[in-house]
Amino acid sequence: MKLASLPQGRDGRLIVVSDDLAWYADADHIVPTMQGLLDDWDRHCPRLEALAIELAHEAIPRKRFHEREACAPLPRAFQWVDGSAYVNHVELVRKARGAELPDSFWTDPLMYQGGSDDLRGGREPISLANESWGCDFEAEIVVVTGDVPQGVTPQQAINYVRLVGLVNDVSLRNLIPGELAKGFGFVQSKPASHFSPVFVTPAGLGAAWVGGKLNLPLMVDLNQQSFGRIEAGEECTFDFGVLIAHLAKTRRIGAGTIIGSGTVSNRDADGSPGRPVAQGGRGYACIAEQRMVETIANGQPVTPFLKNGDTVRIEMRDAKGRSIFGAIDQVVGQA
């Protein structure tokens, strides 16, 4: 089942979307908002699944679905946290800052709590007031949970995943070192994140969703050129069960919590940090990784961070080439 939100009030209006992303049916007569669904999942989900079947069979009134009209599936959430499922990315970015990677990072995931009051749609522009801040995209997988009890195991935690989607977790790279040096984490260097137009239930992903991992390529374009074709299931050090259990170690998790994978990242076949798509590699899901590889090879980075007017597209397609979540397709524009 595929779900989205159209702009209405602060929390959007829930709709069910067809598998091909061409049509939708209003769902607000069942439950008005995505958060309302997550708050009472067992009650509302069967009725929405029935609505999705009726939509697929054209048995109910339907309307054309346009991705550009969708807001974030959850325009605001009670919690948005980002993890470090792809330790290769963490290692490369830390090297770029001159920081070593502790061995514990391979066994104990990183996680930070982001701002969840302003979650933006996949077609909204990336607001950039100052290009010197070093704006970067970060293409990631996200899950949305139901209510999760404290102390769940990673195996149990998978059962609390309600929805899966994509996010561009925008970073301001040149602000990060100063903030982290204070020892208190990200604030200004992590502006609003942008989410795919559609979120999908794990069952709707079929065989691509296995063991808390999404096993499909993540496609990233920068200025209409291929920048990343990264395999999301490979080198995923921590599956979402591990990330959820990590967050729930000392407290309960509320329904509607969004958890990010961290930037999807692959090494090259020879174990090196990877090659750009233009050189036959899988490329990268953020600019910082390509800059790090350029520094290793040439002593300095060449690829600039985002400038006003640049475009970013993030998408995932199924085995038949069909878009699963819709595309995050943005232009960088002055705030």
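Residues are classed here by relative accessible area, with buried meaning under 20%, exposed over 50% and partly exposed in between, for a 1.4 Å probe and protein chains only. The structure is a predicted model, in which local features need pLDDT of at least 70 and side-chain atom pairs count only at pLDDT 80 or more, whereas totals for chains, interfaces and linings use all residues. Residues are numbered from 1 along each chain as its sequence is written, and side-chain values use heavy atoms, with hydrogens and water left out.

The secondary structure of the chain comprises seven helices and 21 strands, where helices (H or I, at least four residues) and strands (E, at least two) are DSSP runs numbered from the N terminus. The radius of gyration, taken over C-alpha atoms, is compared with a globule rule of 2.2 Å times the number of residues to the power 0.38. For 335 residues a compact globule would have a value near 20 Å, and the 19 Å of the chain agrees with this. The C-alpha trace spans about 60 × 45 × 35 Å along its principal axes. Of the 335 residues, 54% are buried. With contact meaning heavy atoms within 4.5 Å, residues 24 or more positions apart account for 71% of the contacts that have a separation of 6 or more.

The accessible surface of the chain comes to about 14,500 Å², and 49% of this area belongs to carbon and sulfur atoms; the areas come from the Shrake-Rupley method with a 1.4 Å probe, and for residues only the protein chains shown count as cover. Charges were counted with Lys and Arg as positive and Asp and Glu as negative, leaving out His and the chain ends, and each charge was placed at NZ of Lys, CZ of Arg, CG of Asp or CD of Glu. On this basis there are 33 positive and 41 negative side chains, and the centres of the two sets lie 2 Å apart.

Not counting residues up to four places away in sequence, Val 17 touches Lys 2, Leu 3, Ala 4, Trp 23, Tyr 24, Leu 55, Phe 65 and Val 198. The phi of Leu 21 is near 65 degrees, a positive value in a residue other than glycine. Most residues other than glycine have a negative phi. His 44, found in helix H2 (residues 41–56), is buried with a relative accessible area of 7%, and its contacts beyond four places in sequence are with Ile 30, Val 31, Gly 36 and Leu 37.

Arg 173 is placed in the loop between strand E12 (171–172) and helix H5 (176–181), and this residue is buried, with a relative accessible area of 11%. The side chains of Arg 173 and Asp 136 are joined by a polar contact of 2.9 Å, a polar contact being a pair of N or O atoms within 3.5 Å; within protein, one must be able to donate a hydrogen and the other to accept it, and residues adjacent in sequence count only if both atoms are side-chain atoms. Leaving aside neighbours within four places in sequence, the residues in contact with Arg 173 include His 89, Trp 133, Glu 138, Cys 286 and Phe 305.

Helix H6 (residues 240–247) is mostly covered, with six of its eight residues buried, namely Phe 240, Gly 241, Leu 243, Ile 244, Ala 245 and Leu 247. The N-terminal end of H6 is capped by Asp 239, a side-chain oxygen of which lies 2.7 Å from the backbone nitrogen of Gly 241. Glu 235, in the loop between strand E18 (225–231) and H6, has a positive phi of about 55 degrees although it is not a glycine, and counts as partly exposed at 28% relative accessibility.

Glu 235 is also among the residues touched by Arg 267, as are Asn 88, Glu 91 and Trp 106. Arg 267 lies in the loop between strand E19 (257–260) and helix H7 (287–298) and is partly exposed, with a relative accessible area of 28%. Arg 267 and Tyr 284, 17 residues apart in sequence, have a C-alpha to C-alpha distance of 9.6 Å.
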